[in-house]
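Here is a short report on one protein model.

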Amino acid sequence: DFVAGAWVKLSAYPTGAGMIISRYNGTSGWQMFVDPSGRLQMSAFNGGAGNYRFMTTYQSIPLNRWVHVAAQFDMSAYTTTTTTMYMMLDGVDVPVLLGTAGTNPTVLVQAGNLEIGANNGGLLPITGKLAQVFVSSAKITQANVRLLMSQGLTPALITSNNIISAYSLDNSLTDLNTTSANNLTANGGVLATTADSPFGGQADGTISTTVDYGL
């Protein structure tokens, strides 16, 4: 049981899948991504690419603006409730579709590298920007997901929510969980920058460090 989430700013929908965060080696693991229709999806695998369970939103993520996405995966319960399998867009619980194939697995097998914006050695990169990406080792309440979304990822929130790794990507590829850091290595021309941010966006396109707006 775990949760993954991020701020996402898509510039285009992918032709296949655009990865947000993953740990998948082609046969086992898990991945959160955007599909060609712009829908958020999370899949988990056990001993083969054909043995999986997934959930996906019915609605698409809009282009060219920051959207917070989060998903909680519970393969054994495999029901859609606010405490088992859920997906959130901008802090709101949204309807999801469940699917399964192969051996109908009730657990996933961890495999592969932890990757942001791609999977399985840099495949299926996302077209757009990511910020405040995290993955936990346990369930997180939806109320706490909203805290992670609105306040940014701090050491206190990382500890209290069992977050294994978290990345601001604000000019840094360093894991915010310094107790057991999984620092990133940039590949394929990826940049960590302060040029854009989900926090403090102004009407003229600049980012303010002192003012933020709520919707």
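The sections below cover the basis of the model, the pocket and the residue.

## Basis

This is a predicted model: local features need pLDDT of at least 70, side-chain atom pairs count only at pLDDT 80 or more, and totals for chains, interfaces and linings use all residues. Residues are numbered from 1 along each chain as its sequence is written, and side-chain values use heavy atoms, without hydrogens or water.

## Largest pocket

The largest pocket has a volume of about 1,000 Å³. A pocket is an open set of points on a 1 Å grid over the protein atoms alone, where a 1.4 Å probe fits, with protein on both sides within 12 Å along at least five of seven lines. A volume is the space filled by probe spheres set on the points, which are joined across faces, edges and corners.

The lining counts 38 residues; lining residues have an atom within 4 Å of a point. Nearest the centre lie Ile-116, Leu-169, Leu-173, Val-190 and Leu-191. β11 (128-136) gives the most to the lining, five residues. β10 (114-116) supplies at least two. Strands are DSSP runs (E, at least two residues), numbered from the N terminus.

## Thr-84

Thr-84 sits in the loop between β6 (67-73) and β7 (86-89). Thr-84 is buried, at 11% relative accessible area (buried means under 20%, 1.4 Å probe, protein chains only).

A polar atom of the Thr-84 side chain lies 2.6 Å from the backbone oxygen of Thr-79. Beyond four places in sequence, Thr-84 touches Gln-72, Asp-74, Ala-77, Thr-79 and Lys-139 (contact: heavy atoms within 4.5 Å).

Definitions and conventions:
Helices (H or I, at least four residues) and strands (E, at least two) are DSSP runs, numbered from the N terminus. Buried means under 20% relative accessible area, exposed over 50%, partly exposed in between (1.4 Å probe, protein chains only). A polar contact is a pair of N or O atoms within 3.5 Å; within protein, one must be able to donate a hydrogen and the other to accept it, and residues adjacent in sequence count only if both atoms are side-chain atoms.
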